[in-house]
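Please look over the sequence and the model below with the ligand site in mind. The briefing that follows takes up the ligand and its surroundings, and then turns to the strands.

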Amino acid sequence: MKGKAYVIAGPSGVGKGTVVKELLKRDDKLSVSISATTRQPREGEIDGVNYYFVSFDQFEELVENDGFLEHACYVDNFYGTPVQPVMDKLEQGFDVILEIEVQGAMQVLEKMPGSKGIFLLPPSFAELEKRLRGRGTESDDSIMQRLETAATELGCINMFDYYVVNDKVEHAVDTILDIIVSNRGEEE
Ligand code: 5GP
């Protein structure tokens, strides 16, 4: 493979989406994987752009046909990375970003020896809760479940190659770009 896969994980609300959007703007050798999910679209989310929104049956069919590089259940829904687009982009020489939760991240890091794991941390747990509530997209129940999941996810941090604290988006983006560029340097 000409490119490298970067798995960016970290608790819901840490700001992975914003960081990834900025990374893509700043580096044209980067591509992002679009996941499939059984979750309902949030307001403003577009099928094929933010996610492929699929039914539980469609998701199961994709699992049975080995259509996913990894997949996981997260807060009552399924999420998975379609394998073929990732392989195509890597082959074309793009570095591919997978913005996924921790169980899936570990599957990718095990399956793809060249891949790198980046764990994005909130500056504090209180700040994470504030960000999740401020987003206004989740019910109280979902926020509580996401915070509980975050605590478990933090326990897996040692499986990752890098930790980056998302205190300020520009700072986190600069750090991650440094990581990506230094890995490219090693291979040239
Ligand atoms: P959300 O519902 O907030 O969009 O996503 C919930 C969690 O699922 C987030 O941590 C997000 O990174 C993760 N996620 C999104 N796509 C995938 C995927 O394809 N696989 C896995 N394992 N997690 C995903």
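How far is a nitrogen atom of the ligand from an N or O atom in the side chain of E70? In this predicted model, the separation between that ligand nitrogen and the side-chain atom of E70 is 2.7 Å.

**Pocket and shell**

- The largest pocket is the space that the ligand takes up, and the elements giving two or more residues to the shell around the ligand are β5 (68-74) and β6 (77-82).
- The ligand is surrounded by 17 residues, the closest being S35, R39, Y51, Y79 and E101.
- By class, the shell around the ligand consists of eight charged, five nonpolar and four polar residues.

**The four-stranded sheet**

- Four strands form an open sheet in the order β4-β3-β6-β5, and their pairing is mixed.
- Because β4 (52-53) and β5 stand at the edges and each has a single partner strand, one side of each is left without a neighbour in the sheet.
- Strand β3 (residues 36-37) runs parallel to β4 and is joined to β4 by two bridges, with A36 standing opposite Y52 in β4.

Terms used: Residues numbered from 1 in each chain as written. Predicted model: local features only at pLDDT ≥ 70, side-chain atom pairs only at ≥ 80, totals over all residues. Heavy atoms only, no water. Near = heavy atom within 4 Å. Polar contact = N/O pair within 3.5 Å; in protein donor to acceptor, adjacent residues only side chain to side chain. 1 Å grid on protein atoms, 1.4 Å probe; cavity = no way out; pocket = protein on both sides within 12 Å on 5 of 7 lines; lining within 4 Å. Sits in = over half its atoms within 2 Å of the grid points. Nonpolar A, V, L, I, M, F, W, Y, C, P; charged D, E, K, R; others polar. Pairing = 2+ DSSP bridges.
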